[in-house]
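Subject: Structure for you to look at

Hello,

Here is the structure I promised to pass on. Please open it first and then read the notes below.

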Amino acid sequence: MSLPSTANALVALAAEGGEHSSEHASLNPYLTGGGALFILLLLLWITTRFNRDR
């Protein structure tokens, strides 16, 4: 298979899959952001527990 025919096949596959992209459920942004905030605050708390000499 040559490079141009491979590229055409990939473009056709991507275009076909792009039609149904709005139908899938995505992650809740509030849940993702809240989880990231919780993890960062937990890491901050752990860091301050190990750094009591300052």
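The side chain of N28 comes to 3.2 Å from the backbone nitrogen of Y30, a polar contact (a pair of N or O atoms within 3.5 Å; within protein, one must be able to donate a hydrogen and the other to accept it, and residues adjacent in sequence count only if both atoms are side-chain atoms). Through a side-chain oxygen, N28 caps the N-terminal end of helix 2. N28 itself sits in the loop between helix 1 (3–18) and helix 2.

This is a predicted model, in which local features need pLDDT of at least 70 and side-chain atom pairs pLDDT 80 or more, while totals for chains, interfaces and linings use all residues. Residues are numbered from 1 along each chain as its sequence is written, and side-chain values use heavy atoms, without hydrogens and water.

The chain has 2 helices and 0 strands, counted as DSSP runs from the N terminus (helices: H or I, at least four residues; strands: E, at least two). Helix 2 (residues 29–50) has 22 residues and should span 32 Å at 1.5 Å a residue, which agrees with the 32 Å between its end C-alpha atoms. The expected span is 1.5 Å times one less than the number of residues.

How much of the chain is buried? Buried residues make up 0% of its 54 residues, where buried means under 20% relative accessible area, exposed over 50%, and partly exposed in between (1.4 Å probe, protein chains only). N28 is partly exposed at 42%. L42, in helix 2, is partly exposed at 38%.

Regards
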